[in-house]
Amino acid sequence: MRLNTKIIHAGAEPDPSTGAIMTPIYQTSTYVQEAPGKNKGYEYARSQNPTRTALETALAALENAKFGLSFSSGVAATDAVIKLLSPGDEVIASNDLYGGSYRMFSKIFQKFGIKFHYINMHDASHVSDYINENTKLIWLETPTNPLMNITDIEAVTAIAKPHNILVCVDNTFASPYLQNPLDLGADIVMHSATKYLGGHSDVIHGCLMMNDQELRDKLFFIQKSCGAVPGPQDCFLVLRGIKTLHVRMQRHCENGEKVAQFLRNHPKVERVYWCGFEDSPNFEIARKQMRGFGGMMSFTLKDDSIETATKVLSSTKVFALAESLGGIESLINHPASMTHASIPQEERIKNGLSDSLIRLSVGIEDAEDLIEDLNQAIG
Ligand SMILES: *Cc1c(COP(=O)(O)O)cnc(C)c1O
């Protein structure tokens with residue numbers, strides 16, 4: 001089956017008891033057993049729930065994976081991956097990372113004796129410099145948040161394989177519609193389904209997809225033991241959101257390109273970070289591993305003061321000032337004070353994230369309205 005058909009049909013079997021075409025919300029904590037140990041594959045809802053099973057089947061299909069596991073949030077999915085590790089293990093992570101991932105690694109897991117190296121993965125060969133016998137995981141995000149840097153997934157996995165190092169890709173920004181990291185050699189794909197997969201800004205959810213049975217069993221054991229599972233209503237919302245992923249992503253890409261070009265030509269804009277510009281760093285790699293460039297972008301103004309940035313952020317009428325991304329509506333965000341506030345200022349500046357940087361999640365409204373809105377806000 002091709003991608004658009006899978007998006008609609010994967011995991012969606014008519015309900016066996018009624019024929020309901022849409023997966024019911026199985027709002028139950030437990031399942032009646034015929035005899036001790038004799039059940040229909042469902043025992044207790046922390047371990048299994050039919051609505052969740054349908055979603056996990058759909059999620060796996062979207063990433064060309066054998067298995068999918070769904071969690072109560074994106075960070076819960078990340079948490080499960082790090083719990084594969086033991087004290088003394090080392091992780092190599094992108095330095096231009098989702099703020100919440102950085103916070104979890106540095107504030108929660110570091111104290112359990114796991115060592116994290118945050119490095120620039122722009123040049124994938126840089127990863128080799130940090131590999132030693134304790135390296136167990138490479139955690140990367142591409143495109144990165146908020147600077148839209150691209151990492152060559154195939155090149156990183158080629159470096160990791162001979163050392164038996166797991167590679168996990170946070171694929172939230174691209175969505176499975178634009179990029180499939182497992183096909184490029186990664187071991188695990190992680191998504192915050194709160195973003196493009198759910199797509200409607202109405203649910204918090206996360207997931208992991210993988211091909212290796214042993215890895216799946218370990219992650220399932222962590223999920224069941226630690227309990228960060230989603231409720232069936234949330235699973236239903238993500239399943240429903242996924243059904244329009246392809247049409248939404250097409251529009252996000254079209255609008256993204258129009259808004260990026262508008263900003264680039266605006267006299268008051270200094271720099272636009274969007275991975276679809278042919279002269280953007282690693283454009284060739286983006287084109288090789290992605291099927292489109294999406295609706296995420298950031299920009300700085302020629303007047304680099306925080307006051308001017310604040311004025312733009314407070315003046316948009318269609319773009320709503322809010323954290324998060326990937327929904328149908330357009331959002332505007334100030335990474336330094338919002339999504340990336342948990343990264344110390346010194347660290348932010350070092351990684352090229354200036355205090356005046358503005359991030360956009362371009363939605364699927366009329367592009368002309370979005371452009372007019374930005375135009376009046378930038379003034
Ligand atoms: C939002 C986000 C997360 C965290 O996901 P939640 O669903 O908010 O827990 C992780 N990575 C990226 C890139 C994100 O945008």
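Me: Is S201 buried, partly exposed or exposed?
Reply: S201 counts as partly exposed because its relative accessibility is 45%. Buried means under 20% relative accessible area, exposed over 50%, and partly exposed in between, with a 1.4 Å probe and protein chains only. This is a predicted model, in which local features need pLDDT of at least 70, side-chain atom pairs count only at pLDDT 80 or more, and totals for chains, interfaces and linings use all residues. Residues are numbered from 1 along each chain as its sequence is written, and side-chain values use heavy atoms, with hydrogens and water left out.

Me: Where is S201 placed?
Reply: S201 is in the loop between strand 6 (188-192) and strand 7 (206-210). Strands (E, at least two residues) and helices (H or I, at least four) are DSSP runs, numbered from the N terminus.

Me: And what is phi of S201?
Reply: Phi of S201 is near 50°, which is positive in a residue other than glycine.

Me: On to S324: what is its phi?
Reply: S324 is not a glycine, yet has a positive phi of about 80°. S324 sits in the loop between strand 10 (320-321) and strand 11 (331-333).

Me: Why does S324 count as partly exposed?
Reply: Because its relative accessible area is 26%.

Me: Changing topic, which peptide bond at P143 is cis?
Reply: The bond from T142 to P143 is cis, with omega near -5°. P143 is in the loop between strand 4 (135-141) and helix 5 (153-160).

Me: What joins N145 and P146?
Reply: A cis peptide bond joins N145 and P146, with omega about 5°. P146 lies in the loop between strand 4 and helix 5.
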